[in-house]
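Keep the structure open as you read.

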Amino acid sequence: MRLIGPGHMIFVPLPFVVALLLAILLVRMVRQNDWAEQEKRPFLLLIGAYALQSILIGIRWGYDVIAILPIQPVVATGIAALAWISFRNLAAEGQASLLRFWPHILPSILIVALLIFWRDGVGPAVTATFLAYGAALLWLARHGPDALVSSRLDGALLSYRSLVITGVALIASAAADIAISLDLEQSGGIHAGAIVAVGNVITLLILGTAASIASGSQSLVTTSAEPPAPPAPSQEDDAIARALEGLMQSRQIYRDPDLNLGRIARKMNLPARRVSVAVNRVHGVSVSQYVNDYRIRAAREALLNTDEPITRLMFDCGFISKSNFNREFLRVAGTSPTEFRRRGRHKPETSDTRPTLFVSR
């Protein structure tokens with residue numbers, strides 16, 4: 001805020017500050033050439049849409065500009081559709097044009113039509129759109145991290161958590177819309193501004209998560225929840241697992257930083273879902289955990305047997321994000337890379353420091 005006279009300041013609504021932060025994120029990602037990667041483009045558009053919506057909210061509730069109201073529901077439905085497109089694109093095998101998602105512009109077109117012919121239907125339509133897309137995202141998440149076959153494996157867990165958070169947040173936004181409608185009916189809308197402010201904070205959290213997916217610069221704390229036991233593996237599952245292990249050991253494909261489930265499946269000439277099921281049943285982990293375990297084993301050996309800087313060996317083992325590397329190293333080794341190297345140098349040379357990745361069932 002800036003002083004313009006004694007005791008006076010220019011009022012800058014909080015949503016404008018949020019929009020500025022989002023714009024900075026967007027510029028940073030564009031400068032990193034994220035637009036060149038097909039799976040990141042929808043996330044860039046999503047960030048831009050959130051920035052625009054924050055500006056609209058700031059104009060409406062900060063300066064009480066009623067004329068801006070018709071634009072907000074159109075942008076809101078576009079945001080819900082973009083969130084779905086962004087994650088659904090990560091779940092698609094191979095490269096495909098985003099034009100295949102053209103039907104998802106229909107909700108925004110519907111809102112425009114309702115604004116012209118039946119304004120009373122706009123609120124319920126926006127709420128239904130958010131509920132539908134939120135439920136669709138949670139349904140997409142039902143297969144776990146391996147559902148996002150085009151997500152790089154060192155960040156697949158973060159992408160999956162972001163998918164779940166976004167789905168829940170869309171449903172929460174729909175609930176907020178319902179709360180606003182009830183508030184308008186019961187108290188004339190005296191609490192609507194506060195409800196919208198809370199909704200804008202939720203939007204920022206969603207966007208921060210989406211930005212972490214696109215840029216790979218954010219990390220989340222790993223929990224240790226015990227997953228349910230998978231069904232017993234079949235002979236076909238064992239054969240697929242052995243073939244994948246052969247690829248890992250003979251060709252060391254885990255060193256590819258851009259490796260994802262889709263690429264693994266194409267190398268094996270199998271559907272991605274089939275590979276995911278086999279790994280889960282045989283080893284009891286997701287494909288991302290399976291690959292990252294190989295990467296961490298290679299990193300541990302390099303830490304003990306070479307003097308390479310940790311950052312260099314991190315890249316050599318297939319990681320591109322230091323936060324992801326440190327998180328996965330802690331999960332597998334129980335300590336940080338620096339501490340692991342320090343302890344290893346003080347052990348007798350005859351000690352066997354090679355970890356066992358998996359235990360046969």
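The paragraphs below look at the cores, then a helix, then a loop.

First, some ground rules. This is a predicted model, in which local features need pLDDT of at least 70 and side-chain atom pairs count only at pLDDT 80 or more, while totals for chains, interfaces and linings use all residues. Residues are numbered from 1 along each chain as its sequence is written, and side-chain values use heavy atoms, with hydrogens and water left out.

Start with the largest nonpolar core, which has 38 residues. A nonpolar core here is a set of buried Ala, Val, Leu, Ile, Met, Phe, Trp, Tyr and Cys residues joined through side-chain atoms within 4.5 Å; buried means under 20% relative accessible area, with a 1.4 Å probe and protein chains only. Among the residues with the most contacts inside this core are Leu 46, Phe 130 and Leu 170. Helices α1 to α6 each supply at least two of its residues, and α3 gives the largest share, eleven. Helices are DSSP runs of H or I, at least four residues, numbered from the N terminus. A second, separate core of 35 residues includes Met 248 and Tyr 290.

Now look at α3 itself: 17 of its 20 residues are buried.

Phe 130 touches Ala 76, Leu 170 and Ala 174, among others, not counting residues up to four places away in sequence; contact means heavy atoms within 4.5 Å.

Finally, find Thr 335 in the loop between α13 and α14. Thr 335 counts as buried because its relative accessibility is 9%.

Key:
Buried means under 20% relative accessible area, exposed over 50%, partly exposed in between (1.4 Å probe, protein chains only).
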